[in-house]
Every structure is written in structure tokens, then in C-alpha cells.
Amino acid sequence: MRGFWPIYRRELFAFFVTPLAWVLIVSFLVVQGMHFFLLVDHFSREVDVAGDETPLSAFFGNTVLLYLVLLVLVPPMTMRLFAEERRSGTIEALMTAPVSSTAVVLAKYASALTTYVAMWLPTVLYLVILSRTGDLDWRAAASSYVGVMLVGAGYLSVGLCASALTQSQFLAMVWTALVLLVLFILGIGEFVTREGTLMHEICAHVSVWAHMNDFASGVVDSRRLVFYGTLAVLPLYIAAKAVDAWRWG
Amino acid sequence: MAGYKGPALIAVSHLVKRYGAELAVDDVSFEVGKGEVVGFLGPNGAGKSTTLRILAGFLGPTSGKVTVAGHDVVDEPLEARRSIGYMPEGVPLYPEMRVVEYLRFRAELKRVPRTARATWVDDAMRRAGVVDVAHRQIGHLSKGYRQRVGLADAIVAKPPIVVLDEPTAGLDPNQIRQARTLVRELGREHTVVLSTHILGEVEACATRVLLIHRGRLVAEGPTDRIRAMRNATAVELTVRGDGDGAARVLSSIDPIWELSRVGSGDDMCRLRVQFPSTLSVDECAAATERCVAALVGAAIGVREVHAVGGSLEDVFAALTASDGSSAEAEA
């Protein structure tokens with residue numbers, strides 16, 4: 001893990017001195033803020049709404065907005081991680097310093113993840129607002145955030161991997177968006193395939209929608225943990241192998 | 001660092017690098033001793049950058065063994081990389097960082113102890129001459145300054161070896177002069193390996209030259225030998241008239257000189273006198289004087305005298321041809 005900290009700090013620095021980071025975070029918060037406003041407005045007008053639905057579970061679970069936002073935001077967050085350095089040549093200076101490939105991959109990943117966490121952090125305010133006006137299920141809130149973080153960890157890992165596999169930031173972005181879109185569409189397949197078929201099983205297993213519904217209602221299923229664990233670790237592993245492979249290309 | 005006492009700081013034996021079907025480096029072997037300034041000379045695409053990238057640990061060798069300060073670049077990559085300060089071709093830097101931020105980042109990456117970091121960065125900035133732009137953003141710097149930031153980066157961790165790939169590429173003549181001075185200064189404290197496709201560059205900086213062509217090491221020797229070949233090849237004279245008279249006069253001085261007509265114009269003619277390669281630098285200068293004196297003595301107007309340096313190709317040809325007789329040439 002030689003070189004992890006300096007690279008991690010530099011990556012964060014590089015991300016936040018460019019307007020891109022702020023544009024992404026601001027647009028994320030605008031969309032989530034509107035989302036939250038509409039939900040609260042909706043629930044406040046329909047007081048006798050069906051029992052188990054709460055603003056919290058609706059915000060994290062029963063909505064397409066969450067994934068659409070991530071589908072749009074994750075690819076530009078990760079596209080530059082490796083592709084930019086390879087295009088500009090700075091990767092050569094980086095990889096000739098006494099650092100291990102694993103450290104480089106993990107440092108870049110950790111910086112993206114930190115940015116992601118920073119992006120979500122202001123939404124904790126919504127919980128504060130909700131808890132002031134009524135009862136809040138803090139366990140469900142915690143599991144919702146676990147879910148959001150797991151989805152992000154997996155998506156960012158896919159994005160980092162795509163960035164390591166091409167020298168073009170644009171291609172990295174397109175590839176990431178494609179993979180995430182395929183995952184998302186497979187998830188929708190849960191509702192269109194017939195129950196009992198293998199396809200239905202697969203679709204249900206990868207359905208980010210179903211996953212977030214679970215998390216939003218306070219259920220942390222170990223199958224979800226394994227799924228997102230794999231989705232995070234496998235692309236990272238491929239990326240580390242790719243970084244080593246440049247050396248022998 | 002100072003601890004290394006072995007005979008060769010860099011040892012490369014039978015290095016081969018293949019990109020798919022293309023052979024970029026073909027069985028290259030050489031050694032570099034402590035305190036040397038070695039110039040890698042060859043045309044573009046000869047395999048210089050590939051060799052340096054393998055030394056620096058950016059690329060892995062297809063076969064062969066490369067050790068840097070006693071560490072094998074494949075088996076002990078981190079230790080090997082720690083003993084090299086490398087400046088890649090084109091000096092890629094992070095444009096959004098300030099010079100001092102970048103160098104602190106690089107120093108930390110190269111594991112300069114925390115307490116020494118600020119001092120060493122200041123040191124490197126002073127030696128590379130970037131103190132006055134320390135707080136400027138790298139993206140706003142001129143090419144010359146960026147080159148110097150690259151040099152500062154190469155020396156910031158005080159490595160025993162400094163490897164510079166095309167350190168003067170893209171600079172204007174003034175900056176080239178400054179860069180060469182810097183490289184010579186580096187040579188006092190570090191072992192330096194640099195690459196270039198310009199003959200004058202190695203002459204100005206290096207103590208020893210490795211000639212690489214199509215991936216093969218075609219010759220190596222002290223810079224003086226290269227310089228001799230370059231300076232002592234031929235002279236071009238522009239004379240008044242059709243040149244026949246001048247040719248007669250010149251060929252009567254020494255019949256073994258090769259005489260050729262390289263151009264003619266309105267009442268003028270340019271002749272080239274090729275001296276034999278056995279002549280030393282001084283002898284060639286004397287021969288040039290005799291040419292001019294003879295022409296003037298024969299009342300032929302001399303308009304221009306121009307000593308012709310051997311081109312890189314000439315030096316290649318001469319070096320590869322004289323490989324067998326190098327003992328005689330050095331005697």
C-alpha cells in the first residue's frame with residue numbers, strides 16, 4: 001500500500017479544484033432537494049396514506065429518481081481517474097515513483113468514494129427535518145444509507161475499472177453508463193419476466209430497485225451485501241490487473 | 001544513495017522489449033558507473049525512450065536483466081524505483097497544482113522523510129531554478145519552466161541516479177542552453193542518463209555516449225570520440241567562377257581528399273572537400289587553412305568557408321564501421 005495517502009489526497013484535491021466536482025454535487029443536491037420537497041409535500045397533504053409508506057422509505061426506496069441520478073453522476077465522477085492520466089502522460093511519473101499498483105487503484109477509488117459520501121452528506125439534513133416533525137425510524141434511515149453507500153461503492157468501482165481500460169475519458173464515461181444502465185434495465189426485468197423463471201431470478205437478484213426497497217424499510221440482506229461487495233471488488237481487481245498489464249504491453 | 005559502493009550503478013544485460021510483433025529493444029547490454037553522465041543517442045523511434053522507461057520501472061522487460069543500484073527492476077521494483085529520479089519525455093505534470101504543492105506531493109510519494117520534506121523541496125526548487133514560480137499553477141507556466149519543474153521532481157528525493165528522457169525537447173535555444181547547464185550541474189552529484197536525438201546535446205552534457213539504432217546498441221564510447229568524428233569530416237567552400245580552377249587547385253594539395261561539387265549558381269560554385277577519417281580535429285583545421293590559402297594564392301575569390309559536421313547518420317556509419325578498429329582509433 002505504498003503511496004496510498006499522498007495519491008488519495010491529490011485525487012481529492014484534483015477533483016475539487018475543477019468545476020466538475022461542484023457542478024456534479026450541486027446538480028445532485030438540487031435534484032435530491034426537489035425530490036425530498038415533493039415527497040414531503042405529498043405526504044403532508046395525504047395524512048391518511050397507507051401505513052408502512054413513509055417519506056424516508058419513499059425517498060430511498062420506492063423511487064426511480066435515485067438511480068437515474070446515479071446513472072448520470074457516477075460516470076463523470078470516475079471517468080478521469082485513470083484515462084486522464086494516461087492521456088496526459090502523468091501516469092508515467094506516477095507509476096515510476098515507488099508506489100504499488102494496488103495502492104494507486106485503491107487511492108483513486110477511495111477518493112471517488114469520499115466524494116460520493118460528501119455528495120450525500122447534506123441529505124442527512126432531511127432526516128433532521130423529518131425527525132423534528134414526526135417520528136423517524138433511525139434504523140431504517142441507517143440501513144437506507146448503508147444501501148446508498150453500497151450501490152455507490154459498486155457503481156464507482158465499475159466506473160474506475162472502465163477508466164483504467166481506456167485512454168479516453170469519453171469512452172470511459174460511455175462504458176460506465178452502459179454497464180450501469182444494463183444493470184438497471186436487468187433490474188426492471190424483475191417486473192416483466194414471469195415469476196419462477198431463471199431470468200426472473202437473475203433480474204430480481206441484480207435489481208437495484210428491490211435492493212433499495214429492502215434497505216429503505218430497514219432490512220439489510222446478506223445477499224445484497226455479497227452482491228455489492230462483488231460489484232465493488234471485482235472491477236477493482238480487474239483495474240489493478242490492467243494497471244499492471246500496461247507495464248508488459 | 002551514498003551507501004551504494006558497487007562498480008556499476010546501472011547494469012543492463014541482454015535487454016529485449018517487444019510490443020506485440022514489434023521489437024523495440026533488441027538485445028541491449030550496457031553498464032553505467034557512479035558519477036557518469038551517459039547520453040543515449042539515436043534517431044526518433046530507435047528505442048531510447050523504451051530503454052529509459054524500463055530503467056525507470058514504467059515498462060517491464062520482455063527478457064533480459066536490469067538492475068538499478070543493485071536492485072532488479074522486476075524483482076524489487078519499489079527499491080529500484082526509489083533509487084531513480086525520472087523525468088519522462090514531454091514532462092507530464094498535473095496542471096492544476098502549484099509548483100511547490102506538486103513537489104511536496106512527489107517528495108511524499110518518493111518517501112522523503114516528513115521532517116526533511118520541506119527542506120528537500122526547497123533544495124530541489126533552488127537547484128532547478130523554480131523558486132520564483134513556486135506558487136504559480138503549473139498549467140500557467142512556460143515550457144521552459146515546466147521542464148525545470150520536471151527536473152526538480154527528478155532530484156527532489158536525492159536519488160543516486162537521474163534519468164532524463166529528451167530533457168531539451170521543445171525548448172527554445174535560450175532554454176536549451178539553461179537546461180544543458182542544469183544537466184551538467186546535476187552530473188556533479190548524481191549519475192545521469194539522458195536521451196536525445198541531437199548530437200550537439202550529448203556533446204554538451206555527456207561524458208559517454210551510447211548509440212542506439214533500431215533497438216540495437218550500435219556503438220558506445222567517450223564523447224570526445226564522437227566529437228572528433230563530428231568536427232573533422234569535411235569543409236564546404238563557396239568560390240567565384242565555375243569552380244573548375246578551384247577544383248584543380250584543391251586536388252593538387254592532397255590527392256586523397258575527396259572533392260565533390262555540391263552546388264553552383266550565378267558566377268559561383270560550392271565545393272565540398274571530404275577529409276579522410278584518420279585526420280584528427282587539429283589536422284582537419286590545418287587542412288581547411290591550407291585549402292583557403294591555396295585558393296587565395298591562386299587568385300580565386302573565396303566567399304564562404306563552412307566546416308561540415310558529420311550528421312548523426314555519418315557518425316553512425318563511422319562508429320559501426322570502426323568498431324573492429326576501435327583500438328587503433330583510440331591509440
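Visitor: In the hairpin of β1(B) and β2(B), which residue takes a positive phi, and how many residues lie between the strands?

Guide: The residue is B:Gly20, whose phi is positive and near 60°, and the hairpin has two residues between its strands. This is a predicted model, in which local features need pLDDT of at least 70 and side-chain atom pairs count only at pLDDT 80 or more, while totals for chains, interfaces and linings use all residues. Residues are numbered from 1 along each chain as its sequence is written, and chains are lettered from A and ligands numbered from 1 in the order in which they are written.

One bridge links B:Ala11 to B:Glu31 in β2(B).

Chain B meets chain A through 21 of its residues, against 20 of chain A, where contact means that C-beta atoms, placed from the backbone, lie within 7 Å. On the chain A side, α1 (4-17), α6 (90-95) and α13 (222-248) each supply at least two residues. That side divides into nine nonpolar, seven polar and four charged residues (Ala, Val, Leu, Ile, Met, Phe, Trp, Tyr, Cys and Pro are nonpolar, Asp, Glu, Lys and Arg charged, the others, Gly among them, polar).

Chain A itself has 13 helices and zero strands; helices are DSSP runs of H or I with at least four residues, strands runs of E with at least two, numbered from the N terminus. Its radius of gyration, taken over C-alpha atoms, is 19 Å, close to the 18 Å that the globule rule gives for 249 residues, so chain A is as compact as a globular protein of that length; the rule is 2.2 Å times the number of residues to the power 0.38. The C-alpha trace of chain A spans about 65 × 45 × 30 Å along its principal axes.

Within chain A, the axes of α9 (residues 138-165) and α10 (residues 169-192) come within 8 Å and cross at roughly 140°; axes are lines fitted to C-alpha atoms over the stretch in contact, with angles from 0 to 180 degrees between N-to-C directions. Among the residues that meet there are A:Tyr155 and A:Val158 in α9(A), and A:Trp175 and A:Leu180 in α10(A). This contact divides into seven nonpolar, three polar and no charged residues.

Key:
Contact = placed C-beta atoms within 7 Å. Pairing = 2+ DSSP bridges.
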